[in-house]
Amino acid sequence: MFYPARGSPSVEAAAESHDERLGRELKHARPARWLLVGAPNVGKSALFNRLTNLYVTVSNYPGTSVELTSALRSDGDRPVEVVDTPGLYSLLAVTEDERVARRAVLDASDATIIHVVDASHLERALPLTLQLLALQRPLVLACNLMDEAEARGAAPDLAALEERLGIPVVGTVATTGRGVDDLARRAALAHTPVDGWGLPEPYAALARRVAHEGEGARALIEAELALAGDPEFEPQLAAECGAWPEIANERERQHGGPEGYAVGLATSRRRMALALLDGVIPSAGINARDQKRLDNLLLSPWTGIPLIALVLYLAFYQFVGRFGAGTAVDWIEGVLFGRWIEPASEAAVRSLVPWEAVQDLLVGPYGLLPLGVRYAVAIVLPIVGAFFLVFAALEDSGYLPRLALLLDRAFKAIGLSGRAVIPLVLGFGCNTMATLVTRTLETRRERVITTLLLALAIPCSAQLGVVLGILSIAPGAVMIWMAVMLAVFLGVGWFAARLLPGEPPVLHMELPRLRLPRPGNVLVKTGTRMRWYFAEIFPLFLLASVLLWFGDLTGLLQAATRLLEPAVEAISLPAAAAPAFLYGFFRRDFGAAGLYDLAGQGALGPAALTTAAVTITLFVPCVAQFLVMRKERGLSVAVTVLVVATTVAFAVGGAVGWTLRAVGGWQ
Amino acid sequence: MNCSMCGSSAGCQGCPIGAGFYLPHTLDTLRSGQRATIQRLAAASGSALRKLLALGLLPGVELEVERSWPAMVVRLGNASVALDEALAGAVVVSIDGG
């Protein structure tokens with residue numbers, strides 16, 4: 001399927017023969033690897049999906065892809081490895097995920113870089129194109145979202161731009177596939193750009209002194225970043241370069257320090273970009289007001305906060321809670337598993353497998369089927385699936401950055417910028433995934449606080465479903481539970497913000513256009529997250545089942561449970577609730593489910609139920625989340641979070657129970 | 001560039017209010033609907049500066065303030081960017097038009 005970008009067919013044809021000539025010469029000299037690079041929210045991931053037919057998350061929130069994703073593309077005569085990178089505004093990186101993308105760009109010396117840009121925002125994107133051109137690598141400019149640019153009357157003249165830049169410029173619409181074949185064809189033939197796109201003077205002169213002559217374009221770019229005060233490259237090059245003190249003095253004298261160098265160079269590149277775009281983008285005024293009214297409604301606290309409540313109510317309470325955790329779970333668990341699968345499989349295993357221990361491993365109370373598979377398919381799948389579907393729709397619409405903006409002031413009180421709202425909301429789906437996404441936050445302080453709050457006060461959707469089930473037994477308990485969670489969230493955040501040193505949080509982000517969620521995108525995102533969830537989390541669930549079975553078999557489980565009993569009894573819960581807390585570490589919802597059973601037996605009164613629900617929600621993160629915390633934040637932070645969560649859980653749980661009994665007269 | 005204290009663009013000689021010093025406008029003092037051109041960036045730290053550069057806030061850039069509360073929303077060309085008061089306070093601007 002090939003649709004030429006409007007307005008440029010003739011020149012494209014001419015450029016193609018030029019490409020093909022060079023392509024013949026270079027075809028076998030270069031291994032095929034394409035690196036997709038660009039600002040967040042320009043459709044890199046959607047383009048990646050189109051190029052590879054492999055679906056990864058496409059997001060309308062700056063920075064949901066936090067790692068490199070690669071997939072093979074096989075067309076023509078040889079396979080191509082296509083790599084998707086996190087969003088990057090400039091090689092002068094700000095956040096951790098941007099540094100991941102920058103490292104990929106600098107290291108991929110053999111790759112063809114495809115710079116993906118929003119066709120309506122060329123003047124913002126072209127400075128990065130110029131920076132990439134200075135790297136002297138094969139480069140293609142993909143002007144994505146051409147349909148939106150055309151609709152707004154902002155479509156650039158691609159042929160003219162191609163002629164000026166001397167690299168292939170292709171218009172694409174990743175969501176429909178328009179121009180993608182053309183992009184692939186031209187990327188396969190892309191060649192190292194013509195000379196003359198190095199650093200502008202006088203910035204280059206200084207950079208050459210750091211990098212030494214003849215060390216190549218990459219060294220020059222690293223020198224540029226060091227001179228611009230990049231916290232990674234400045235110390236590194238200052239240590240390596242003997243003449244650094246002298247060069248730093250020269251920088252001070254010429255540019256007034258690293259800031260002056262950075263601003264001067266960025267300004268100079270912007271001027272180059274504007275000159276290149278002169279006549280390329282329509283000069284007629286673009287109607288930018290179409291969305292202003294809706295934006296005002298979303299961003300003004302008077303209307304925005306009621307709208308948040310409405311969105312939360314409809315999307316999460318009604319859809320995820322009532323439909324996902326209610327109707328869908330009831331049917332799959334009660335009817336599908338309860339009536340059909342479990343009785344049949346239990347009968348089969350008991351009659352076919354002679355050893356009782358193995359029978360228990362498969363179908364016993366902690367068996368793989370009842371705990372592992374049933375939980376995964378009957379409880380987790382519908383709840384988490386419903387959550388991811390709603391989250392993907394919100395993400396695609398562009399609502400989440402607006403939510404971040406609206407909550408920024410409140411979040412500052414707990415040491416976070418509004419940006420942290422994204423991982424925190426995602427945490428209601430899966431805390432483990434959300435802990436990974438904290439990479440998009442800028443300072444270590446914000447990442448640690450968010451990690452702590454996720455582990456402590458944000459129940460994941462699987463746990464939430466069961467906790468709400470427990471609380472439905474005691475009228476009014478849900479409100480108390482919600483108020484306690486909110487108080488702990490704010491209180492712990494407030495303390496953490498005061499205890500942890502570091503820079504105060506700063507809000508800065510691009511607001512993507514608001515658009516109706518596109519069903520294709522939403523389904524793809526949901527599917528990708530579900531696949532990730534089942535690949536990363538489901539094996540751990542099964543492992544947890546095996547460990548629990550093993551612990552039960554050997555008596556280790558009972559021994560560990562006894563250790564927890566005093567703590568459980570200290571908050572006026574029956575000792576029988578202790579196993580539930582232990583299971584909670586393996587899976588957050590396991591613990592809650594254990595309590596659910598106790599509540600069903602009438603072993604817990606309303607006060608004890610509320611205590612138990614509060615404690616189990618706050619209690620330690622699940623084992624998968626712990627592993628990701630250790631990987632992302634280090635062992636000491638992970639262990640500290642564990643200790644804080646345990647302490648806070650029992651302290652707050654106990655206090656809530658005591659208050660309910662003493663003040664509320666609950667049983 | 002007009003002084004935010006007295007509004008004059010004539011410079012500090014003959015300052016009508018006798019303040020005797022020039023007080024530039026910063027982005028955080030602008031109201032919704034005002035247009036301005038960025039004159040310089042006065043970021044206190046390298047990290048704040050890199051954020052401004054990443055947002056595309058550079059000397060010479062023309063902008064329009066869309067919102068000033070609960071955070072600043074600024075339109076640059078076709079794009080909207082959001083930033084808080086602390087960051088906006090580091091952007092020295094001259095107000096365009098009336």
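Two strands are taken to pair where DSSP finds at least two bridges between them. Helices (H or I, at least four residues) and strands (E, at least two) are DSSP runs numbered from the N terminus. The model is predicted, so local features need pLDDT of at least 70 and side-chain atom pairs pLDDT 80 or more, whereas totals for chains, interfaces and linings use all residues. Residues are numbered from 1 along each chain as its sequence is written, and chains are lettered from A and ligands numbered from 1 in written order.

View 1. β7(A) pairs with strand β5 (residues 79-83) of chain B in the antiparallel sense, over 4 bridges. Within β5(B), V81(B) is the bridge partner of E510(A).

**View 2. The side of chain A that touches chain B.** Contact (C-beta atoms, placed from the backbone, within 7 Å) joins 32 residues of chain A to 30 residues of chain B. Two or more residues each come from α4 (122-133), α12 (258-277), α17 (399-412) and β7 (508-511) of chain A. The most are given by α12(A), with 7 residues.

**View 3. Packing of two helices in chain A.** Helix α9 (residues 217-227) and helix α10 (residues 233-240) of chain A pack at an angle of about 110°, their axes 8 Å apart; axes are lines fitted to C-alpha atoms over the stretch in contact, and angles run from 0 to 180 degrees between N-to-C directions. α9(A) and α10(A) are therefore roughly perpendicular (65 to 115 degrees). The contact is made by E222(A), A223(A), L225(A) and A226(A) of α9(A) with F233(A), E234(A) and L237(A) of α10(A).

Conventions
Contact = placed C-beta atoms within 7 Å. Parallel < 35°, antiparallel > 145°, perpendicular 65-115°, else oblique.
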